[in-house]
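Dear colleague,

My notes on it follow directly after.

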Amino acid sequence: MILLDEDSSQRPKLPTDPSVGPTNRVPTEVDPSSPPSSSQQRPPSLNNYESLEAQHPSPSKPRGGRRPWRTRLGRFMAIALVIYLCLFVILGVPTFVLKWRVPHKFKWRGDYIFDYQQPPPPMDNDQIELDLSHPLFEDSIFSCGTWDQQFDPPGDSGAVAGTASMRLPFHLTSGINLRLNSSSENLKDYISGTLTVDINPDKTASNAVLMANTQFSNHQLFEASSVCLTNFFNTTEIVVQVPDRENFPSDTIGIDLQLLLPPPSIPYDFQSFATRLPMFKHFFGDLGPHIFFGLFKLTDSSSAISVDSVTASSIIVRTSGAEISGNFSASERLILDTINGPVFANISLLNSRKHWERTTKLVVETGNGPIVAQVNIRVDERSYYVPPKHGHFQTKFKTFNAPMNISIAHAAHSKPALLGVCAKNTLGTIDVTLDSLYTGTFDVRSRAAATLVHETFAPDSVANDEHKLHFDQQSSELTRGWIGDHRRPEEFDRHALGRVELVNSLSPINLHLARLRLSNAERR
């Protein structure tokens with residue numbers, strides 16, 4: 001019998017397959033008279049590839065090729081995950097956003113928006129304590145003026161032994177600091193003086209000029225005193241040097257300084273202007289239309305400060321026992337602080353796009369003097385729809401034993417500002433007036449005096465039913481409510497409402513709120 005050769009394409013892949021290898025068959029004799037059998041009629045057939053794979057599975061492939069997500073359980077888990085993600089996006093994300101945007105609802109009797117304990121500001125140039133002998137300033141320009149025109153006055157001049165003067169021109173830099181080399185302690189009846197800052201009337205002047213005049217009771221004291229200039233970090237520092245009082249316990253010296261700035265063809269900017277001149281009175285001319293200061297800071301003074309006008313991003317004026325008066329314009333912060341003197345101020349506040357992320361702050365404080373302030377506020381229209389978190393303006397007024405009279409109004413063409421007002425007194429009366437653009441709450445409290453909220457009429461106004469006066473509580477010592485539409489303050493975020501809080505102990509409080517039209521107040 002002839003054996004057919006196996007086709008190479010039908011050979012099994014497994015080397016251990018029993019079908020692989022030679023086939024030994026025992027030849028048998030065939031009877032020619034018998035009919036051929038079925039095995040003799042056709043050649044034997046071989047199993048196909050699928051059958052062999054089923055009989056001899058490959059160890060390199062797992063049994064059952066179905067993936068987990070193609071099973072019924074896998075499909076159920078995938079559908080559940082998709083539903084969970086959809087619910088999280090639809091419900092969870094908006095809830096998180098609402099809680100983030102409205103973290104705190106309005107509550108009565110809270111001082112939280114009037115917390116002025118802010119972190120200390122970054123150090124300004126005027127806060128650098130200078131030691132003129134420090135190696136940092138060895139190569140800096142340092143010069144002292146020479147006194148001239150020295151003479152002895154007539155014999156009837158009392159304790160004055162002589163007078164002198166000097167003139168120091170210098171190139172204008174981006175900052176000017178004036179300071180006394182001695183601290184404010186133990187200087188009373190020893191040194192006195194004035195500082196006058198103004199625009200030079202000479203239109204051709206191109207440099208700043210410092211003029212000093214002195215009168216003294218002792219020539220040795222005079223010879224040990226000087227006025228010096230030094231430049232550092234593009235800032236000019238003017239130092240008034242006097243000897244220690246221990247060396248001249250019964251003598252006196254007076255120094256009058258006059259600083260004339262060059263007249264600008266157009267308004268120009270100053271990075272900083274700062275003074276530390278104890279016992280010096282300060283007088284400033286009409287600088288506002290000509291110069292814009294980044295920082296205007298007058299500190300360590302114990303005498304009166306008078307300002308015709310000044311404009312700056314930040315204004316800080318502090319004196320210990322005298323009056324503060326003038327016209328101040330600021331866009332970031334304004335602090336007027338005295339201990340034993342009155343404050344008379346016309347104030348302009350701007351919340352601009354340049355400082356849109358910040359609230360413009362005003363603080364006026366005194367211990368034993370009246371406060372009379374007219375405040376004009378303006379919101380830059382470009383930043384009106386992106387207000388700071390704590391409103392456009394926060395204002396604080398505080399005194400102890402004197403009356404307080406405050407008026408706050410919007411500038412012409414200004415958008416309504418988000419305003420916070422806090423006024424506190426102990427023995428003096430409080431009188432506050434707001435214009436018709438104010439919308440928000442009022443909380444007027446006193447321990448042993450009357451609290452009154454007056455409704456006034458805004459002239460030339462248009463009737464508006466959405467601007468009404470509502471009272472929440474009303475008694476002789478407590479008056480609360482809001483001016484605006486019918487919605488209660490508790491429905492709002494506390495940072496989205498204007499707020500007025502007036503607190504007194506033993507004197508009455510009067511709050512005047514301007515309505516867009518007169519109507520009877522609704523009690524809620």
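In this predicted model, R179 stands opposite R276, a residue of strand β10. The two strands concerned, β4 (residues 175–180) and β10, pair in the parallel sense, and five bridges join them. R276 also stands opposite T299, which belongs to β12. Here again the pairing is parallel: β10 and β12 share eight bridges.

The structure holds eleven aromatic pairs. In one of them, the ring centres of F270 and F293 lie 5.6 Å apart and the planes meet at 25 degrees; planes under 30 degrees apart count as stacked, so this pair is stacked. Because F270 lies in β10 (residues 268–276) and F293 in β12 (residues 291–301), the pair ties together parts that are 23 residues apart in sequence.

Are F270 and F293 buried or exposed? Both F270 and F293 are buried. For F293 the relative accessibility is 1%, and buried means under 20%, so F293 falls in that class.

F293 has a further aromatic partner, F296. Their centres are 5.3 Å apart with 55 degrees between the planes, which makes a tilted pair. F296 is buried as well, its relative accessible area being 0%.

Yours sincerely

Key
Residues numbered from 1 in each chain as written. Predicted model: local features only at pLDDT ≥ 70, side-chain atom pairs only at ≥ 80, totals over all residues. Heavy atoms only, no water. Phe/Tyr/Trp six-rings, centres within 6.5 Å; stacked < 30°, edge-to-face > 60°. Helix = DSSP H or I, 4+ residues; strand = E, 2+ residues; numbered from the N terminus. Buried < 20%, exposed > 50% of the residue type's maximum accessible area, 1.4 Å probe, protein only. Pairing = 2+ DSSP bridges.
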